[in-house]
Amino acid sequence: MRILWVLGGVVLGSVLTLIAGVALWLHDTGPTRAGIEVRVENRTGQDVREVRIEHDHGQVLYRAMGKGDTVALTYPVRGESSYSLIAVLADGRELRGGAGYIERGARTREVLEPERVVSSDP
């Protein structure tokens, strides 16, 4: 009888360990942690026709950003990544910026100024 209690305890402990491991794995790889968030602020003094983020697996496009507007753009990633930002102003000029290296779950801030893009962590 005592062996059944010990065996039951071992089985129960193994099952609980497996459930906890799966729960932690799902939490770490879930959609809330898998994305990169790029917050873009328009301080150019004019409207922005288009903001484009080009990354390893495609691009994110946002059109018609007004003066002083801020927008948060996200894209999914597994592991490490990089992106480039291209903003087309109302007068036709292009501003370029972006992160050379970024990890999953990170957030960055891109400030569009009249002549340049300033990149930083929020």
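Which residues touch the most other members of the largest nonpolar core? In this predicted model, they are Val-40, Ile-53, Tyr-75, Tyr-83, Leu-85 and Leu-112, out of 21 residues in that core.

- Strand 1 (35–42), strand 2 (48–55), strand 3 (58–65), strand 4 (70–76) and strand 6 (83–89) each contribute at least two residues to the core.
- The most comes from strand 6, which supplies four residues.
- Beyond its neighbours within four places in sequence, Val-40 is in contact with Val-51, Met-65, Asp-69, Thr-70, Val-71, Leu-73, Leu-85, Glu-110 and Leu-112.
- In soluble globular proteins, nonpolar side chains tend to be buried together.

**Aromatic pair**
- The structure holds one aromatic pair.
- Tyr-75 and Tyr-83 make up this pair in an edge-to-face arrangement, with 6.4 Å from centre to centre and 75° between the planes.
- Both Tyr-75 and Tyr-83 are buried.

**Helix 1**
- Ile-19 is found in helix 1, which covers residues 2–29.
- Ile-19 counts as exposed because its relative accessibility is 52%, and the cut-off for exposed is over 50%.
- A nonpolar surface patch is formed by Leu-7, Val-11, Leu-12, Val-15, Leu-16 and Ile-19, which together have about 560 Å² of accessible area.
- Gly-8 also lies in helix 1, and its relative accessible area of 38% makes Gly-8 partly exposed.
- Gly-8 and Arg-39 are 31 residues apart along the chain, and their C-alpha atoms are separated by 53 Å.

Conventions
Residues are numbered from 1 along each chain as its sequence is written. This is a predicted model: local features need pLDDT of at least 70, side-chain atom pairs count only at pLDDT 80 or more; totals for chains, interfaces and linings use all residues. Side-chain values use heavy atoms; hydrogens and water are left out. Patches are made of residues with over 30% relative accessible area and no salt bridge: like charges are joined within 9 Å, nonpolar side chains (Val, Leu, Ile, Met, Phe, Trp, Tyr) within 5 Å. Accessible areas come from the Shrake-Rupley method with a 1.4 Å probe; for residues, only the protein chains shown count as cover. A salt bridge is a side-chain nitrogen of Lys or Arg within 4 Å of a carboxyl oxygen of Asp or Glu. Buried means under 20% relative accessible area, exposed over 50%, partly exposed in between (1.4 Å probe, protein chains only). Rings of Phe, Tyr and Trp (its six-membered ring) pair if their centres lie within 6.5 Å; planes under 30 degrees apart count as stacked, over 60 as edge-to-face and the rest as tilted. A nonpolar core is a set of buried Ala, Val, Leu, Ile, Met, Phe, Trp, Tyr and Cys residues joined through side-chain atoms within 4.5 Å. Contact means heavy atoms within 4.5 Å.
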